[in-house]
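Me: I'd like to go through the side-chain contacts in this model. Can you walk me through them?

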Amino acid sequence: MTASRTARERVRAELTKEITDIARRQLATDGAGGLSLRAVAREMGMVSSAIYRYFPSRDDLLTALIIDSYNALGAAVEHTEATTPREDHLGRWLAACHAVRDWGVAHPHEYALIYGSPVPGYQAPQDTIEARLRDVAVLGRIMSDAWRAGAVRAAEDPLPAELEADVAGLRELMPGVPDHVIWRALTAWTALYGWVNFEVFGQFNNTIENRRDAFTHSMRLAAGTIGLAQ
């Protein structure tokens, strides 16, 4: 019984992977809004009813693709940042930023799935949150380590009272970091994704040619916003 169950589980895992691989190819040709379980089933040579045993709806398949994409991005950021010396906080910031950019440029359709236009009618479930926060957690560790080491030199500009409720949820990601620095880090992080969005979606075409060096310079400027020592 155990051997039989293990074999079934292995077959299920292989078919699930094949389904998601085909679905990723669909993202490249039809976009997330054009994702179709029936089209995936046709490519696999399955009847439509069979694929619903693996993904009961298109939204379930979208959720799996979104979680996979967030996890792939998060793993890339974690791996790259971990190779930088712990005391080099600016270097860790730049490494994390380059990991986001490199992954987004290499996987534009998956990047578009998680940071492009929302898919009409789709509402991401709670299941996506843990994967979505992996890259942000790296930023949080960098900021907490840098603050404890005295490597953050930011002006003590008070946070507007109306933002107190918003910053409360960010404190868990950057324990020990004061609110005004947390907000500076959030500002720099959104600048990072703003750049990558512009590059992935073609907004820099015919404008910025030396993109890697330009990106590095911009992320150094963003680090200055945070107050990370240069």
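Me: What does Arg134 form a salt bridge with?
Reply: With Glu78; the closest N and O atoms are 2.6 Å apart. A salt bridge here is a side-chain nitrogen of Lys or Arg within 4 Å of a carboxyl oxygen of Asp or Glu. This is a predicted model: local features need pLDDT of at least 70, side-chain atom pairs count only at pLDDT 80 or more, and totals for chains, interfaces and linings use all residues. Side-chain values use heavy atoms, without hydrogens and water, and residues are numbered from 1 along each chain as its sequence is written.

Me: Which helices do Arg134 and Glu78 lie in?
Reply: Arg134 lies in helix α8 (residues 134-148) and Glu78 in helix α4, so the pair ties together parts 56 residues apart in sequence. Helices are DSSP runs (H or I, at least four residues), numbered from the N terminus.

Me: Which residues are linked with Asp68 in a network of salt bridges?
Reply: Lys17, Asp21, Arg24 and Glu110.

Me: New topic. How many aromatic pairs?
Reply: Nine. Rings of Phe, Tyr and Trp (its six-membered ring) pair if their centres lie within 6.5 Å; planes under 30 degrees apart count as stacked, over 60 as edge-to-face, the rest as tilted.

Me: Why is the Tyr111 and Phe201 pair tilted?
Reply: The planes are at 55°, so the pair is tilted; the centres are 6.2 Å apart. Tyr111 lies in helix α6 (residues 108-115) and Phe201 in the loop between α10 (179-200) and α11 (211-226), so the pair ties together parts 90 residues apart in sequence.

Me: Is Tyr111 buried or exposed?
Reply: Buried, at 0% relative accessible area. Phe201 is partly exposed, at 36%.

Me: Which residues are in the cluster of ring pairs?
Reply: Tyr70, Trp93, Tyr111, Tyr115, Trp189, Tyr193 and Phe201.

Definitions and conventions. Helices (H or I, at least four residues) and strands (E, at least two) are DSSP runs, numbered from the N terminus. Buried means under 20% relative accessible area, exposed over 50%, partly exposed in between (1.4 Å probe, protein chains only).
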